[in-house]
Amino acid sequence: MPNRSGIKDFFWRHSAGIAFLVMVCFVGFLAYVGYTYAVITKKFDSSRRWDLPSRIYSDATPIVPGMTIPRALLEPKLNHVGYHETNVRIANPGEYRYAGGTLEIYLQNFEYPDIEFRALPVAIEMDGGGTVHAIRRLDDGVTLRGIRIEPELITSIYNNEMEDRLPVSIDAVPKVVSEAIIATEDKNFYHHQGISIRGTLGALVTDIRNKNISHGGSTLTQQLIKNFYLNPERSWGRKAHEALMAVLLEARYSKSQILEAYLNEIYLGQNGAVQISGVEQASQVYFGKHVTYLTLPEAATLAGIIRSPNVLSPLSHPDRAKGRRDTVLQLMKEQGYINDTDYEQAVASPLATARFPKMSRSAPFFVDLVLKQLKETYPETQLRTEGLRVFTTLDTIMQRSAEQSLDSGIDALNKHYPYLRNSPTPLEGVVLTIQPGTGYVKALVGGRSYSKTQFNRAIQARRQPGSLFKPFVYATAMDPARGQQAFTAATVLDDSPISVKSGNAVWTPQNYDLKYHGQVSVREALAHSYNIPAVRAAMNAGVPNVIKTAATIGIESHLEPYPSVSLGSFEVTPLEIAYAYSAFANLGVKAEPISILAVSTREGKLLESREVKMKRVAPASVCYVMNDILKDVFNYGTASVKAHALGFTRPFAGKTGTTSSYRDAWFIGYSPRILSLVWLGFDDGHSVRLAGGDACVPIWTTNMNRVGGMIADVDWKRPEDVVERQIDPLSGMLATPYCPQTKNEIFVAGTEPASVCPLHAGSGEPSPFWRDNAEPAQTDAQGGLLLNPAQQNRPSPQQQQKQKEHGIRKLLRAIFGGQ
């Protein structure tokens, strides 16, 4: 009794203090609850619940009648943008099927900076080779001029957490997905207020028994709290805080709002180094479709992997994933979400996954170019957290074809030439495809394996272009501003030994085949890539003038005025030389390189769009003649054997390139609509021991055979100041009735030959006049052999008069039989 009395006395004496303490604790608890409530609502109500990575998209893919796009190229594109094949008539956006010679596609909605793609079912009539003959709407049969497949996500710019998600509303998630997740993770979700008393007590008993904190007894709401607000710490204090937050969240928001947040927050595995978060992102990675179109078995698979995403991944562990899927289906049946028939059909179905799984980063070398340009305008924090949408020029069909062509081409070379595969460093390569008329980069492969080395050879490697530079030499020599000294395609050059003094040294260039070919025309010399005629042309035009022309057209690298510059003995990047060639392809107008089309916010507000910038850098007439000459590279020149063997017969122009000691092999081929470059070499610079025609042309041709059908065969339109004449190919002069061989040749107006051929008499034999009146060859200041006037197609006035008189006499004798 005394003890009880003492206790009562204590409380009585200190009642005011105890009451105050209780009040303080109560107020503190209320403050704690209020603060917690504020934290919950502030983040949950935010328009930016998550830091979202900026997303980089490809260009849209047009499909129009007349183009050829094989199924093997089109299907990966469709799958990567969320389309899936069906065996029945298409009924929903994102579905496609092949029905005989018709491809039916239900186009999806997509917001592009300058246009909104609307869902639309279409039928594309194609033949067996993939050539499109007609496109019509499926609903009313109206013929369409063309369609566009929406841009493809090629990569995202992540923050340090490397987390990727595509938030979706609860309305976009099919009921079967929500039911599968609830049945698996929290069957009482709609009946509790944030926590499960029974589950929590059971977990507490287990933890006490095991003397650790390993069981959560977590509801779906608690899982959301743990992932969205808290850290992974395991303690009873944190569990109590989690429970309070779950109750407050349930008190403030509806079950639908909580479920939507959970579906967007939940961790669902890895895609390489990137975390897959949310059901939409997981659906696209695992099944190649939007979550809206998941089937019952796919929904069960998705719900099943939540417990252990990496162990139960359907891509890496299909057997485990299928077993877990069937368990989820059993739970759904037991809880009344599906009936016995649905269950049996779903369990009997095979595990379905994406046919073309998405990589966390496609076209990595192209992405590096885009990121370099983006960081010049946007802070890195903005790129990593604000979800910007970046639309680029990339054509993913061309990109995949370029990657495959380079890989298979190098593999074939390694197999055929053992010394290549036994090299201490691997053979590397570049494939670069651009659109000459716009400057758009359509495909860029900067090496064989980005995971092994991020060195982007397309934009960082500086290599000698070798014979790729010769067209710039001849373009200088053909400049009509040179008047009567201007070269033409018919100008005859002397391919014989030459020595050129440069400083204190004497340079003696040789041809690739170590042979001399005598008198050859500019057309033949360029088609066969003879070195000595190119040197003579450079010396005639003036090396400083050659350098000036190259710089004007687009060679930005510094060039020294040495004679060897005519054979490409300096360094450029592949991107640089490709865009310089684009001036030829675009008849003298050069477009600046463009890889980014537009940037918008995640809500669609346009931040910038980049316009095509073009500049005339060379006469259209000279470029037209140059392109006509370079067509012969395919017809009979250095690319003809390999290109023809692979069945390439399209009207393209091209040029091979090989450097001294075979350190670099090149090929550029182009038309008015497309230009593609291939480079092969070793990073350490040792010899490939192969010429561009042998090493690069097969890779280029394989790639172009795949994607060339996507580009219409359009030839260059002849400028008005380009004329055609019939000439004698030996002299380069106007043909006479006595010339045994004649051909039609094109000339820039004002540079065409004005005199008849002096070589042949009526019998077709060499004329005595030519033998008796030929002038001695001229040499330059260094003693190098140049051209005599007749070989330049420019006889002196006295010669022209003698030629005329001689020709008239021969003609009169032929007509009247005179002596």
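Analyst: Helix α9 (residues 279-287) is mostly covered, with 9 of its 9 residues buried. Buried here means under 20% relative accessible area, exposed means over 50%, and partly exposed lies in between (1.4 Å probe, protein chains only). Helices (H or I, at least four residues) and strands (E, at least two) are DSSP runs, numbered from the N terminus. The model is predicted, so local features need pLDDT of at least 70 and side-chain atom pairs count only at pLDDT 80 or more, while totals for chains, interfaces and linings use all residues. Residues are numbered from 1 along each chain as its sequence is written, and side-chain values use heavy atoms, with hydrogens and water left out.

Let us go along the helix. The buried residues of α9 are V279, E280, Q281, A282, S283, Q284, V285, Y286 and F287. What lies over them? The cover includes the helices α4 (175-185), α8 (255-265) and α10 (296-304), together with the strands β13 (163-165), β14 (267-271) and β15 (274-277); contact means heavy atoms within 4.5 Å. Just past the end of α9, G288 takes a positive phi of about 65°.

Positive phi also turns up elsewhere, in residues other than glycine. Most residues other than glycine have a negative phi. L514 has a phi near 60°, and its place is the loop between β21 (505-507) and β22 (518-521). L514 counts as exposed because its relative accessibility is 62%. Y662 likewise has a phi near 60° and lies in the loop between β27 (653-658) and β28. With a relative accessible area of 28%, Y662 is partly exposed.

Now for the rings. The structure holds 25 aromatic pairs, where rings of Phe, Tyr and Trp (its six-membered ring) pair if their centres lie within 6.5 Å; planes under 30 degrees apart count as stacked, over 60 as edge-to-face and the rest as tilted. One of them joins F634 and W700, a tilted pair at 5.5 Å centre to centre with 45° between the planes. This pair links distant parts of the chain, since F634 is in helix α22 (residues 620-635) and W700 is in helix α25 (residues 697-707), 66 residues apart. F634 is buried at 3% relative accessible area, and W700 is buried at 0%. Another pair, Y670 and W716, has ring centres 5.7 Å apart and planes at 75°, so it is edge-to-face. Y670 belongs to strand β28 (residues 664-670) and W716 to the loop between α25 and β30 (722-727), so the pair ties together parts 46 residues apart in sequence. Both Y670 and W716 are buried, and they join F469, F472, F570, Y581 and F584 in a cluster linked by ring pairs.

Charges meet rings too. A charge sits over a ring if NZ of Lys or CZ of Arg is within 6 Å of the ring centre and within 35 degrees of the ring normal. The charged end of K255 is over the ring of F189, 4.5 Å from its centre, and that of K333 is over the ring of Y343, 4.5 Å from its centre.

Finally, here is the whole protein. Its secondary structure comes to 27 helices and 31 strands, and 54% of its 819 residues count as buried.
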